[in-house]
Amino acid sequence: DMVVIAIKPYQIETVIAPIIDQLAQENTIVVSIAAGWDLNKFRDLFGTSFEQAHIQCTIPNTPMAVGKGVLVTEVDNTLTQEQTETFENLFSSISLIERVDTAHMGIAMCIAGCAPAFTDMYIEALGDAGVKYGLQRATAYRLAAKMVDITVVNRSTGERLTTYRHHGKLYIAGTPGDPYQVEIKSNQRERLLTVLSVDGINVLTGQTAATLQSGYVIDNAQS
């Protein structure tokens, strides 16, 4: 069994203390995704039951929601080798597992958690700079957007739809009712955050799309 502690850090003691004996079992893997909680804190919380517990502390970033995230993972843990393999097999399918020593969990969290938003600001800034020096905004955004290639695929037929340009904007011709997927491929060396919207709605959050929102984190040449 695997139990993921996915509550606010300030709630952990109140929620976990009454069920410590149930968590400290030979065949139970406890994975914490609470920021600020490392193995030493759980050692204090579990007390005498800590020796029986199998705990791995981690901090995820939001792109894990779409299988493109980073899972900052504390080097120190009490998992067995078999449990470690189970943990890695599960979470490596949706994230990069980056193991960090306890002292650097905080800074690793800051980089993994904040980089997507800053990257998005950087892309937006490229467009603004182009406008400042005379480019039409549509042109500036097209130049900045070449950091990624975007393709729309009809999931029913597998057809990769042709893109048409009209008055500086790009269009595709879809069929009502058909399911589609958007493929985004990075052309850059750095990881990029892409905020994807359909009809002005962020596909991850359901909010009106804006630049400083959650999106997809894409590695170089990855789609």
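**Overview. A predicted chain of 223 residues.** This is a predicted model, in which local features need pLDDT of at least 70, side-chain atom pairs count only at pLDDT 80 or more, and totals for chains, interfaces and linings use all residues. Residues are numbered from 1 along each chain as its sequence is written, and side-chain values use heavy atoms, with hydrogens and water left out. Of the residues here, 32% are buried (under 20% relative accessible area; exposed is over 50% and partly exposed in between, with a 1.4 Å probe and protein chains only). Among contacts with a separation of 6 or more, 62% join residues 24 or more positions apart (contact means heavy atoms within 4.5 Å).

**Close-up 1. Glu 88 and Arg 99 form a salt bridge.** Side chains of opposite charge can pair when their charged atoms come close. The whole structure holds two salt bridges (a side-chain nitrogen of Lys or Arg within 4 Å of a carboxyl oxygen of Asp or Glu). In this one, N and O are 3.1 Å apart. The pair links distant parts of the chain, 11 residues apart: Glu 88 sits in helix α4 (residues 81-91) and Arg 99 in strand β5 (residues 95-100). Glu 88 is partly exposed at 31% relative accessibility, and Arg 99 is partly exposed at 29%.

**Close-up 2. Asp 128 meets Arg 137 in a salt bridge.** Look here for an N to O distance of 3.0 Å between the two side chains. Asp 128 is partly exposed, with 35% relative accessibility.

**Close-up 3. Glu 74 is buried and has no salt bridge.** You can find Glu 74 in strand β4 (residues 69-74). The nearest side chain of opposite charge belongs to Arg 43, 7.8 Å away (Lys and Arg count as positive, Asp and Glu as negative; His and the chain ends are not counted). The Glu 74 side chain does make a polar contact with the side chain of Thr 102, at 2.5 Å (a pair of N or O atoms within 3.5 Å; within protein, one must be able to donate a hydrogen and the other to accept it, and residues adjacent in sequence count only if both atoms are side-chain atoms). Leaving aside residues up to four places away in sequence, Glu 74 touches several others, including Asp 38, Gln 56, Arg 99 and Met 105.

Conventions
Helix = DSSP H or I, 4+ residues; strand = E, 2+ residues; numbered from the N terminus.
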